[in-house]
Amino acid sequence: MEESLNFLSDISAQEVRTLSPLVTAHIGDAYFHLYTRTRLLKVTHRINNLHELSAKIVSAISQAEAYKNIENFLTDDEREIFRRGRNAKTHAPRSSTVKEYHASTGFEALLGELFLTKKFSRLDEICAAAFNSIFEEMAT
């Protein structure tokens with residue numbers, strides 16, 4: 001994976017730290033969408049099912065709940081990245097509460113920063129824990 005992401009070599013970790021948390025959340029959102037859609041291929045190949053399941057998993061409500069479930073798994077630095085993303089000024093959609101939307105923005109900011117700083121194994125661990133947490137909750 002790292003070889004195919006040469007475009008990331010132009011961005012230093014220091015530069016990533018100066019980005020708005022909304023920018024890193026934008027990247028994290030895209031990454032979690034792709035991660036989720038790829039993982040769901042083990043569940044179904046029907047496009048309608050893929051769309052429905054992925055929409056539920058990447059929703060602000062599900063991401064906020066997933067963050068609560070994995071918070072203790074995170075380092076202090078990762079919690080700080082989440083906090084900065086959560087506190088960024090955004091406008092919540094009608095499909096979630098303001099608190100849920102802010103939490104999901106924090107979660108996505110964390111994923112985006114891990115991606116941009118090329119911490120791929122940690123990114124995968126966190127995405128897997130979050131995905132599993134959400135998927136298990138949906139199954140019950």
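Helix α6 covers residues 98–116, and its 19 residues should span 27 Å at 1.5 Å a residue; the C-alpha atoms at its ends are 26 Å apart, which agrees. The expected span here is 1.5 Å times one less than the number of residues in the helix. Helices are DSSP runs of H or I with at least four residues, numbered from the N terminus. The model is a predicted one, in which local features need pLDDT of at least 70, side-chain atom pairs count only at pLDDT 80 or more, and totals for chains, interfaces and linings use all residues. Residues are numbered from 1 along each chain as its sequence is written, and side-chain values use heavy atoms, with hydrogens and water left out.

Let's stay with α6 for a moment. This helix is mostly covered, with 15 of its 19 residues buried. Buried means under 20% relative accessible area, exposed means over 50%, and partly exposed lies in between, using a 1.4 Å probe and protein chains only. Thr 105 is a residue of α6, and because its relative accessibility is 4%, Thr 105 counts as buried. If you set aside neighbours within four places in sequence, Thr 105 is in contact (heavy atoms within 4.5 Å) with Leu 22, Ala 25, Gly 85 and Thr 90.

Now follow the chain past the end of α6. There you meet Lys 118, which lies in the loop between α6 and α7. For background, most residues other than glycine have a negative phi. With 37% relative accessibility, Lys 118 counts as partly exposed.

The buried residues of α7 are Phe 120, Arg 122, Leu 123, Ile 126, Cys 127, Ala 128, Ala 130, Phe 131, Ser 133 and Ile 134. These buried residues pack against α2, α3, α4, α5 and α6. Met 138 also has its place in α7, but at 30% relative accessibility it counts as partly exposed. Not counting residues up to four places away in sequence, Met 138 touches Leu 53, Lys 56 and Ile 57.

One partner of α7 deserves a detailed look. The crossing of α2 and α7 is right-handed, meaning that the near helix is turned clockwise from the far one by less than a right angle. On the α2 side, Tyr 31, Phe 32, Tyr 35, Thr 36 and Arg 39 take part, meeting Leu 123, Asp 124, Cys 127, Ala 128, Ala 130, Phe 131, Asn 132 and Ile 134 of α7. The residues of this contact divide into 9 nonpolar, 2 polar and 2 charged. In this scheme Ala, Val, Leu, Ile, Met, Phe, Trp, Tyr, Cys and Pro count as nonpolar, Asp, Glu, Lys and Arg as charged, and the others, Gly among them, as polar.

Next, turn to the aromatic rings. A search of the whole structure finds 8 aromatic pairs. Rings of Phe, Tyr and Trp (its six-membered ring) pair if their centres lie within 6.5 Å; planes under 30 degrees apart count as stacked, over 60 as edge-to-face and the rest as tilted. One of the pairs is Tyr 31 with Phe 115, a tilted arrangement at 5.6 Å centre to centre and 40 degrees between the planes. Tyr 31 lies in α2 and Phe 115 in α6, so this pair ties together parts that are 84 residues apart in sequence. Both Tyr 31 and Phe 115 are buried. Phe 115 also pairs with Phe 120, edge-to-face, at 5.8 Å centre to centre and 70 degrees between the planes. One aromatic cluster is formed by Tyr 31, Phe 32, Tyr 35, Phe 107, Phe 115, Phe 120, Phe 131 and Phe 135.

Finally, have a look at α4, residues 60–70, whose buried residues are Ala 60, Ser 62, Gln 63, Ala 64, Ala 66, Tyr 67 and Ile 70. They pack against α2, α3 (47–57), α5 (76–86), α6 and α7.

Conventions:
Helix = DSSP H or I, 4+ residues; strand = E, 2+ residues; numbered from the N terminus.
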